Amino acid sequence: METIISVRNLVNRFGSQVVHDGLCLDVGRDEILGLVGGSGSGKSVLMRSILGLQRPTSGTITVLGQQIKYHKPGPSRCWGVLFQSGALLSGLTVQENVELPIALYSDMPLETRHELASLKLLMTGLSLSVADKYPSELSGGMRKRVSLARALALEPKILFLDEPTAGLDPIAATEFDQLITYLHDNLDLTILMITHDVDSLFGICDRIAVLVDGGVVVGTMDEVLASDHPWIRSYFGVPRAQRARQAAGRRMYE
Amino acid sequence: MNEHLLSFESKPESLIVNVRGHWVFDEVLALEAATASVQPETGQSVTFQCAGLEDIDIAGAWVLYDRTEQLSMLGIKSEFIGFKAAHFKFLQNIIDAAAIRDYEEPTGTPARPKRLSRAVENIGSHSTAFIEDLGAIARSILEGVRSPSLLMVGETIKQVYHTGVQAIPVVVVITFLIGIVTAHQAAGQLGKFGATVLVVDLVSISITREMGVLLAAIMVAGRSGSAFAAALGVMKLNEEVDAMRVMGLNPNQMLVIPRILGLVIALPVLTVFADIAGIAGGALIAVGTMGISGLQFVERVAYSTDLTDFYVGLSKAPVFALLIAMVGTLRGMQVKSSAEELGLKTTMAVVQSIFMIIVADALFAVLFTRMGI
């Protein structure tokens with residue numbers, strides 16, 4: 001398996017609090033890796049470190065063969081990020097938000113840019129009637145879709161998703177999971193996804209990375225479930241996780 | 001010229017276009033130029049032979065698709081052959097998306113209101129909102145006076161500290177420097193008449209009556225007016241104000257009144273500091289460069305300036321404070337949805353409060369002249 005993202009001996013320390021202690025993680029091409037962990041286990045810190053938004057105490061991170069440096073332009077052409085609350089630019093319309101990265105990275109004529117942005121909106125399941133609206137006029141789920149369209153604007157190879165289904169109702173969350181799977185299958189994306197939605201974990205992730213004790217336990221769902229780490233056992237032992245597991249099992253038989 | 005992307009084989013009934021190379025985002029301009037050169041002769045259909053394609057993404061696939069659409073509008077049929085499955089799915093995405101769009105388009109989107117009509121509408125709704133907010137604040141001031149709560153007292157003291165105590169250094173430095181500048185300029189002009197000693201009169205009267213309070217107010221408008229608008233604006237965006245309302249707290253009483261009260265207390269005190277610093281600045285020039293002794297300076301100040309001048313300046317301070325605090329908090333409370341708006345309202349708060357201070361100062365000048373003070 002070709003490695004797209006490689007994290008080696010990552011240490012993140014805030015004062016006396018050690019978040020990551022020699023963490024190593026590889027993300028392979030075309031996989032959906034789900035990242036879970038308790039509050040304060042450093043899921044967001046790990047993602048921010050990979051994106052170059054946070055200076056790690058030590059360790060090296062390589063994305064697509066390029067070493068990530070803090071606040072230096074990384075391979076930003078090759079990745080798209082869906083932030084938890086969408087992080088759309090509030091002064092721009094939906095259409096302008098999606099066009100912005102295209103305008104930054106290419107000298108396409110206005111019309112082409114417009115067409116490509118509309119296409120991305122349609123692909124994320126949005127109606128073009130939202131194109132002229134401002135982010136504040138949209139619902140939470142729509143904002144996430146627009147943000148996803150913006151993340152896809154530059155034809156990225158890697159997609160980072162920070163709790164994509166948080167705050168969505170179960171119907172919207174299921175639809176969003178389907179959308180992620182669809183985009184993953186059709187656009188050859190590698191996806192790293194922070195999520196607490198056990199349905200997403202069981203339903204769409206190829207592998208799971210669990211952040212525990214400053215390190216990471218990573219493997220397929222079955223491998224992670226076989227772990228006897230107390231936090232992992234209790235995480236997947238709670239009733240809602242059990243139900244999600246059964247539901248995922250049923251879907252597989254169907 | 002685009003041979004790395006396209007080549008042609010013309011057959012009697014169809015034009016075969018060999019598509020090859022990298023059809024990706026970065027190449028879109030070249031791709032558009034290349035597809036534009038696909039010009040079948042009359043009676044020919046177009047066949048895109050895509051077996052030689054090395055790489056494709058949505059942008060590249062769209063260019064290809066867009067050309068077939070253009071051709072079909074000219075009544076020319078086109079087809080794709082030899083696509084690898086891994087490449088074709090990109091084209092499939094676009095065909096799917098286009099189907100949704102075609103389905104959607106006839107319904108049309110409601111036209112958005114034109115700029116002018118929206119602007120007119122805004123003027124109306126903004127002015128009613130302004131009057132409403134003003135009324136709400138006035139009412140909570142009344143309520144606050146009737147039943148003062150301990151929370152408000154603490155918050156007010158905090159505001160006095162932030163807007164008053166912390167502003168002392170900058171206000172003192174600014175007015176001291178203005179005192180120096182005034183004295184220096186006056187010395188040059190009054191010296192021509194041999195009336196150098198009148199510099200002291202000019203500095204002490206202008207600082208106490210006008211400059212001290214005006215400079216302090218403008219400084220505070222920049223410091224605290226913007227801070228009020230920004231702080232309340234962010235609280236609105238974070239739904240903190242809504243949280244207060246549902247807990248049964250009146251945000252006007254909790255946030256607006258303490259800021260207004262705090263500033264009304266702080267600005268007069270700042271004005272006193274400003275007056276002293278300004279006169280001290282004048283003294284530095286008078287004693288240092290004009291041969292007036294310290295004792296002479298004090299005597300001259302006492303002779304020319306009486307307490308009325310000082311009170312005239314001081315009496316404006318609470319009014320200016322009220323203007324700054326009202327405009328700042330009102331603008332902050334008007335923030336509704338976006339970060340952009342927050343910046344806009346903060347700017348408005350500062351510009352409008354300074355504008356209103358100067359207008360009020362002019363009115364005061366007329367008033368005091370009429371009163372003969």
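Trainee: What is the bridge partner of Ile32(A) in β8(A)?

Mentor: In this predicted model, Ile32(A) is bridged to Ile191(A) in β8(A).

Trainee: How do you know that β3(A) and strand β8 (residues 190-194) of chain A pair?

Mentor: Pairing needs at least two bridges between the strands. β3(A) and β8(A) have 4 bridges, in the parallel sense, so they count as a pair.

Trainee: And how do you know that β3(A) pairs with strand β9 (residues 207-212) of chain A?

Mentor: Apply that cut-off of at least two bridges again. Here 5 bridges join β3(A) to β9(A), and these strands run parallel, so they pair as well. One bridge to look at is the one from Leu33(A) to Arg207(A) in β9(A).

Trainee: Why is strand β3 (residues 32-37) of chain A called largely enclosed by the rest of the structure?

Mentor: A residue is buried when 20 or more other C-beta atoms lie within 10 Å of its own. In β3(A), 6 of the 6 residues are buried, so the strand is largely enclosed.

Trainee: What makes you say that both faces of β3(A) are covered?

Mentor: In a regular strand, side chains alternate between the two faces of the sheet. For β3(A), Ile32(A), Gly34(A) and Val36(A) are buried on one side, and Leu33(A), Leu35(A) and Gly37(A) are buried on the other.

Trainee: Is Asp30(A) buried, exposed or partly exposed?

Mentor: Buried takes 20 or more C-beta neighbours, exposed takes 12 or fewer, and partly exposed is in between. Asp30(A) has 15 inside 10 Å, so it's partly exposed.

Trainee: What makes β1(A) and β2(A) a pair?

Mentor: Strand β1 (residues 3-14) and strand β2 (residues 17-28) of chain A are antiparallel and joined by 9 bridges. The requirement is at least two, so they pair. Among those bridges, Thr3(A) has Gly28(A) as its partner. The hairpin has 2 residues between the strands, and Gly15(A) takes a positive phi near 65° there.

Trainee: Over to chain B. Why are β1 (6-10) and β4 (78-81) of chain B called edge strands?

Mentor: The open sheet has 4 strands in the order β1-β2-β3-β4 (chain B), with mixed pairing. β1(B) and β4(B) each pair on one side only, and that makes them the edges. The twist from one strand to the next averages 20°.

Trainee: What packs on that sheet?

Mentor: Helix α2 (residues 58-73) of chain B, which touches β2, β3 (45-56) and β4 of chain B. The helix direction makes about 175° with that of β3(B).

Trainee: Which residues of the largest nonpolar core touch the most other members?

Mentor: Phe160(A), Ala61(B) and Trp62(B), in a core of 88 residues. α2(B) gives the most to this core, with 7 residues. Beyond its neighbours within four places in sequence, Trp62(B) is in contact with Glu115(A), Leu116(A), Leu119(A) and Ile94(B).

Trainee: How many residues does each chain put into the contact?

Mentor: 19 from chain A and 22 from chain B. Helix α3 (residues 110-123) of chain A gives the most to the chain A side, with 6 residues.

Key. Residues numbered from 1 in each chain as written. Chains lettered and ligands numbered in written order. Predicted model: local features only at pLDDT ≥ 70, side-chain atom pairs only at ≥ 80, totals over all residues. Axes fitted to C-alpha atoms, helices over the stretch in contact; angles between N-to-C directions. Contact = placed C-beta atoms within 7 Å. Core = buried A, V, L, I, M, F, W, Y, C linked by C-beta atoms within 7 Å.
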